[in-house]
Amino acid sequence: MVRVQKLTVGQTYRNRNGWDYLCLENAGPGVAVLERESDGWTLLAHGICLYEDGSIEWDWSTWGHWPDGRPRKKEKHDV
């Protein structure tokens, strides 16, 4: 495990809890805007750690919200 200063924007990372998050932008050293792919929940992840298997986790998050005020519904073609 290594602490990272930034993630790759546009890349999806698997959190150690099993959820997939898309990196939308880097918001400062060790801070990134992440969107949970399953429902659109968006947050600022602080103190990001990257593991050898490519998964991530973070120390804490802030600014958690659904951008449209509610969970995004999956389209029929989404898996």
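The sulfur of Cys23 lies 15 Å from the closest cysteine sulfur, that of Cys49, which is too far for a bond. A disulfide here is a pair of cysteine sulfur atoms within 2.5 Å, and by this rule the count is zero. Cys49 is likewise in no disulfide.

The model is predicted: local features need pLDDT of at least 70, side-chain atom pairs count only at pLDDT 80 or more, and totals for chains, interfaces and linings use all residues. Residues are numbered from 1 along each chain as its sequence is written, and side-chain values use heavy atoms, with hydrogens and water left out.

Buried means under 20% relative accessible area, exposed over 50%, and partly exposed in between (1.4 Å probe, protein chains only).

| Residue | Relative accessible area | Class |
|---|---|---|
| Cys23 | 1% | buried |
| Cys49 | 5% | buried |
| Thr42 | 4% | buried |

Cys23 belongs to the largest nonpolar core, which has twelve residues, including Tyr21, Leu34, Leu43 and Trp58. Such a core is a set of buried Ala, Val, Leu, Ile, Met, Phe, Trp, Tyr and Cys residues joined through side-chain atoms within 4.5 Å. Leaving aside neighbours within four places in sequence, Leu43 is in contact (heavy atoms within 4.5 Å) with residues including Tyr21, Ala32, Leu34 and Trp58.

The side chain of Thr42 reaches the backbone oxygen of Gly40 at 2.9 Å.

How values were computed: A polar contact is a pair of N or O atoms within 3.5 Å; within protein, one must be able to donate a hydrogen and the other to accept it, and residues adjacent in sequence count only if both atoms are side-chain atoms.
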